[in-house]
Amino acid sequence: MPDAPAPKYPRSTVIRGLEMGKWRQHKGDGDMWPITWAADDFLYGAAGDNTGSPMNFWRIHGQSGASWSFHLELVDNLPIDPKVYCQRPRVDKNRGVKPAGLLGMDGMLYFAVELHNYGENPAFNRQCNISSWIITTRDWGKTWNREATPLEFFTGRLASPHFIQFGRDFEGARDGYVYATFPAGTDGNSYWCNGDMLLLGRVPRAKLLERAAWEFFTGTPEAPAWDRDDAKARPIFEYPSMTGEDHVTYNRFLKRYLLANFSFLNRETMQPRPYHQNWPDSVYPSQLTLFEAPEPWGPWSLFHRDDDFGHYGVYQPIFPTKWMMDEKTLYLVYSGSHDDYNFTCQGVVLDLF
């Protein structure tokens with residue numbers, strides 16, 4: 001079999017590798033699953049494509065452990081009505097809204113939602129994000145301020161913000177900023193899968209809803225620099241045609257940032273093949289690559305690679321911070337096609353140096 005692409009990053013000197021748990025637990029319905037740890041001590045998550053809805057919002061009860069004792073409660077099956085918000089240029093009119101980032105901070109939930117289409121380039125048909133904005137809730141998803149920011153708060157390369165996760169209600173954040181990564185392509189668009197890079201933005205936590213207060217990483221891991229002109233943003237992570245709509249979480253035990261990246265591959269050639277290429281034929285593998293870094297901007301080091309992570313295409317991996325149990329034990333949540341088209345949780349044990 002041909003070799004799959006490989007990320008050009010050094011091996012980690014902190015994490016040697018990992019062992020995946022034997023069992024996977026499936027809950028809920030739908031895909032995507034950005035997750036945050038809120039002030040009420042619950043995890044909250046959002047999903048796309050639940051029965052009868054393009055996007056929905058969930059409360060996650062319990063504590064994952066040896067007994068896998070957790071369950072999901074559907075709080076709102078339609079936070080954003082596509083008949084109202086998706087009737088815009090280039091956006092899929094019926095199912096053109098998906099969850100991006102979710103953040104619990106200071107007793108409020110901030111939910112970044114993205115408007116998208118299912119691809120515009122038949123030769124390399126990547127699901128394209130058009131724009132995004134932030135909605136908020138103070139009652140854990142029962143009611144929403146659906147226009148907490150303008151609908152085109154982020155556009156172009158920034159159309160899919162994913163907040164970096166810390167502890168409960170943003171406890172243990174590295175400083176007074178909220179950080180978010182943005183999956184981007186070299187052509188100036190934002191892609192849900194098989195993009196080229198991640199950009200990084202930050203904003204003072206009290207000004208998260210003010211677009212003019214955001215600034216973007218323009219430096220290097222050795223010499224961080226920031227600028228409010230997003231056109232000057234430089235990648236913090238690059239993996240051409242193999243960068244997913246990824247999540248970054250902070251491991252408080254290791255004091256490292258964990259980046260979980262997914263990419264889709266053609267089974268015969270092992271070359272990049274976006275999820276919606278030749279849709280609905282989605283029976284092909286995904287590559288999972290896991291990285292760690294001392295700062296949100298890197299430098300990143302690889303500690304795990306699996307070129308056949310899910311026979312039907314598995315995606316959107318995230319390590320929820322509440323479910324980081326100790327220095328070695330944590331849980332990976334992801335979703336995918338067919339039998340994995342839900343909230344899928346699998347235990348992980350790290351092998352540390």
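Modeller: Two strands are said to pair if DSSP finds at least two bridges between them, a strand being a DSSP run of E with at least two residues, numbered from the N terminus. This is a predicted model, in which local features need pLDDT of at least 70 and side-chain atom pairs count only at pLDDT 80 or more, while totals for chains, interfaces and linings use all residues. Residues are numbered from 1 along each chain as its sequence is written, and side-chain values use heavy atoms, with hydrogens and water left out.

The part I would look at is the loop that holds Asn266, which lies between strand S18 (256-264) and strand S19 (286-293). Asn266 counts as buried because its relative accessibility is 18%, where buried means under 20% relative accessible area, exposed over 50% and partly exposed in between, with a 1.4 Å probe and protein chains only.

The side chain of Asn266 makes polar contacts, meaning pairs of N or O atoms within 3.5 Å, of which, within protein, one must be able to donate a hydrogen and the other to accept it, with residues adjacent in sequence counting only if both atoms are side-chain atoms. A polar atom of the Asn266 side chain lies 2.8 Å from the backbone nitrogen of Glu268, and the side chain of Asn266 also reaches the backbone nitrogen of Thr269, at 3.1 Å. Leaving aside residues up to four places away in sequence, Asn266 touches Gln271 and Arg273, contact meaning heavy atoms within 4.5 Å.

Elsewhere, strand S22 (residues 329-336) runs antiparallel to strand S23 (residues 343-352), and six bridges join them; Thr329 has Val349 in S23 as its bridge partner.

Technical notes: Helix = DSSP H or I, 4+ residues; strand = E, 2+ residues; numbered from the N terminus.
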